[in-house]
Structure formats: structure tokens, C-alpha cells
Amino acid sequence: MRRPPTLQHDSRSTDRYQSDRSVQLNALHTLAHHIRNVMSSNRMTAMPFHAGKPMVTGGTVGFMGLRSEPETAGVIRIGVLDNDPFALDAMCAMIAAMSRDFRVVWSTGSPAVAIEHCHNAHTRPDVLVLDMALGGITGADVCRRIRRRTSEVGVICVTSYSTDVYRTEAIKAGAQGLLAKEQLKTDIADAVRRTAVGKPTAAQAALGFRDAASAHELLSDTVPAKISEDMKDSLSTREKDILRLYAQRLTTDEIASRLGITKGSVFTYVHRAADKLGVTSRREVLEACARYDLL
């Protein structure tokens with residue numbers, strides 16, 4: 001089980017790990033219990049979760065719908081990101097069972113895949129539900145990267161931990177809300193409907209969350225004109241290795257094979273580098289590296 005990024009290891013790390021594990025399990029059990037209740041009481045009206053199509057998790061993406069399919073009026077297309085496979089399936093099932101208007105069109109455990117699908121008009125959902133603790137990259141990082149590019153995807157962040165830990169990050173990243181996983185059964189339906197039109201719920205707005213259009217306007221102007229010395233020194237060795245290979249015109253597949261990592265990991269390192277340099281695309285990362293001799 002993962003720890004929230006803000007927790008540090010110390011002499012009490014074992015107790016803290018056990019506490020984190022308990023928090024995660026309690027949240028997942030709550031989700032599973034609610035799914036059973038909703039599915040049994042709502043069978044005649046809820047949209048089936050799998051919709052007759054297979055779901056694949058664990059770093060890849062599962063599709064339940066394509067943008068080219070005829071859409072039913074009022075249907076809300078939802079993507080889900082969580083690097084815990086059990087939590088991912090649980091959230092997908094619960095959200096899909098909430099209303100026949102909720103269609104989970106894809107889910108993934110890979111932040112890079114989620115970002116790519118939110119940037120692609122053919123796979124872009126109306127709402128992205130993402131976990132805040134993803135391992136190596138935070139939900140706020142994912143949200144910020146999406147929000148800099150577009151206001152067309154509403155973002156709901158969720159967490160198994162105290163929402164106080166992540167609220168400020170989520171607001172700054174342009175999300176429309178942050179929900180505790182144990183409260184999803186009461187909060188997620190209203191949040192999805194409001195977020196689908198780019199708005200936070202009244203409760204989330206009172207906490208400081210903005211609408212998607214306003215957040216996009218703020219973040220789209222945050223790319224710096226110059227790169228500071230701190231930013232120049234921020235790239236990790238692995239990020240530089242990958243960027244050098246891209247600069248040598250290797251493909252993503254070739255880079256992944258050469259370094260013994262997945263394509264998703266390659267995308268993640270590039271996205272991380274872009275975030276550190278305050279840019280939004282691989283091309284801009286490579287241009288910044290060339291201009292400032294970062295590699």
C-alpha cells in the first residue's frame with residue numbers, strides 16, 4: 001500500500017505504514033460495501049459497469065466507450081485514474097452504478113496514459129476522477145498538466161487520507177473538488193454532475209475550488225518566459241537520459257526498450273520534466289533543454 005507523499009520515514013515508520021494500510025483498507029471496504037448496496041437497490045436504472053466490454057487495469061487502459069459511438073443525451077463520460085487496481089475497479093463500479101447517465105469510458109493505473117487521453121479529443125472524458133497519491137507523481141501534477149492544456153475536462157480528486165493534506169495542492173492544480181474516498185457514496189454523484197459542466201459543487205466552491213475555465217485561464221499563463229537556475233538543476237538523471245535519447249530521435253518504444261522500462265514510465269518522466277521546466281509538451285521540453293544546455 002502506498003503512503004501519502006507528505007509523510008516522511010522515521011523511527012515510527014512501521015506504525016505509520018500499518019496506519020496507512022488501515023486507512024486504505026477501510027476506504028476500500030466502504031467502497032465495496034456501497035457498490036453492493038447500490039447494485040442491489042438500483043439494478044433497473046443503473047448503467048452496467050463493464051457494459052459487455054473487458055476492463056484492463058494495472059498501467060494500461062480499459063475502454064467502455066468511444067467518442068465515435070452515438071451518445072445518449074445527458075450521458076456524462078468519465079475517466080478514472082488510480083494506481084491501486086482494486087481501488088480502480090471499485091471506484092469504476094460504484095460510479096457507473098450511481099446513475100444510468102454515468103458512463104465510465106476508460107480507466108487506467110498510469111498517470112501518463114490518463115494525461116494523454118485527456119489531451120486527445122477522441123478519448124477526452126467530461127470528468128476525470130483521480131487519486132491524489134499515485135506513486136512518483138501526485139494527482140495534483142496530473143491535474144495541473146491537464147488544466148494547463150484544456151478546460152474541457154472537469155477534474156475530481158479523491159483520497160484515502162485526510163483531505164486537508166491535499167486540498168491546497170488540488171485547488172492550485174485547477175481541480176473542481178477533492179473528496180474523501182469513504183465519503184464518495186454520498187458526495188460523488190453531485191460532484192460528477194457539477195464537474196461535467198466545469199463547476200465545483202457549492203461545498204467545494206466554499207473551500208476555494210474554481211470552475212474549470214477560470215482555473216485554465218490562470219494556469220495557462222504560468223509558463224515562465226525564462227528558466228531559473230533552480231529549474232535548470234531540477235532534472236533527474238533518468239529524465240535527462242530519456243530526453244537525450246529523444247533528442248537523438250529515438251522513438252518512445254526504442255527508449256523504453258533501451259532503458260528496460262515501460263512506455264508509460266517514459267511518458268511519466270517526460271511529463272515530470274515538463275512540469276519542472278514550466279512547459280506543457282515534449283517538444284517544449286526539448287527546446288528548453290537545447291536553449292539552456294540542460295543535457
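Visitor: Why is S162 called partly exposed?

Guide: The relative accessibility of S162 is 38%. Buried means under 20% relative accessible area, exposed means over 50%, and partly exposed is what falls in between (1.4 Å probe, protein chains only). S162 therefore counts as partly exposed. The residue sits in the loop between β5 (154-159) and α5.

Visitor: What kind of model is this, and which residues count for local features?

Guide: This is a predicted model, in which local features need pLDDT of at least 70, side-chain atom pairs count only at pLDDT 80 or more, and totals for chains, interfaces and linings use all residues. Residues are numbered from 1 along each chain as its sequence is written, and side-chain values use heavy atoms, with hydrogens and water left out.

Visitor: How confident is the predictor, on average over the chain?

Guide: The average pLDDT is 80, and 71% of the residues score at least 70. pLDDT is the predictor's confidence in each residue, on a scale from 0 to 100.

Visitor: Over which residues does pLDDT stay under 50?

Guide: One such stretch is residues 6-14, with 6 contacts beyond four places in sequence. Another is residues 42-60, with 46 such contacts. A contact means heavy atoms within 4.5 Å. Where pLDDT is low, the predicted coordinates should not be read in detail.

Visitor: What makes up the chain, in helices and strands?

Guide: The chain has 13 helices and 6 strands. Helices (H or I, at least four residues) and strands (E, at least two) are DSSP runs, numbered from the N terminus. Of the 295 residues, 48% count as buried. Among contacts with a separation of 6 or more, 69% join residues 24 or more positions apart.

Visitor: How do you know whether T163 is buried or exposed?

Guide: The relative accessible area of T163 is 16%, so T163 is buried. T163 is in helix α5. Apart from neighbours within four places in sequence, T163 is in contact with L178, L179 and A180. For S162, the C-alpha distance to A180 is 7.0 Å, at 18 residues apart in sequence.

Visitor: Why is A175 called buried?

Guide: A175 has a relative accessible area of 1%, which puts it on the buried side of the cut-off. A175 is in the loop between α5 (163-172) and β6 (177-180). Not counting residues up to four places away, A175 touches C143, V155, C157, A170, F209 and R210. A140 is 35 residues away along the chain, and its C-alpha atom is 8.0 Å from that of A175.

Visitor: What makes R249 count as exposed?

Guide: R249 has a relative accessible area of 75%, so R249 is exposed. R249 lies in the loop between α10 (237-247) and α11. R249 also has a positive phi of about 70°, although it is not a glycine.

Visitor: Why are α3 and α4 called roughly parallel?

Guide: Helix α3 (residues 111-119) and helix α4 (residues 139-149) pack at about 15°, with axes 10 Å apart. Axes are lines fitted to C-alpha atoms, for helices over the stretch in contact, and angles run from 0 to 180 degrees between N-to-C directions. Angles under 35 degrees count as roughly parallel, over 145 as roughly antiparallel, 65 to 115 as roughly perpendicular and the rest as oblique. The helices α3 and α4 are therefore roughly parallel. P111, I115, C118 and H119 of α3 meet V142, R145, I146 and R149 of α4.

Visitor: How do you know how α4 and α12 are oriented?

Guide: Their axes come within 11 Å and cross at roughly 70°. α4 and α12 are therefore roughly perpendicular to each other. The contact involves D141, R144, R145 and R148 of α4 and H271, R272, A274 and D275 of α12. By class, that contact has 1 nonpolar, 1 polar and 6 charged residues. Ala, Val, Leu, Ile, Met, Phe, Trp, Tyr, Cys and Pro count as nonpolar, Asp, Glu, Lys and Arg as charged, and the others, Gly among them, as polar.

Visitor: Why are α11 and α12 called roughly perpendicular?

Guide: The axes of helix α11 (residues 252-259) and helix α12 (residues 263-277) cross at roughly 105° and come within 9 Å. α11 and α12 are therefore roughly perpendicular. T252, D253, I255 and A256 of α11 meet K263, V266 and F267 of α12. This contact has 4 nonpolar, 1 polar and 2 charged residues.
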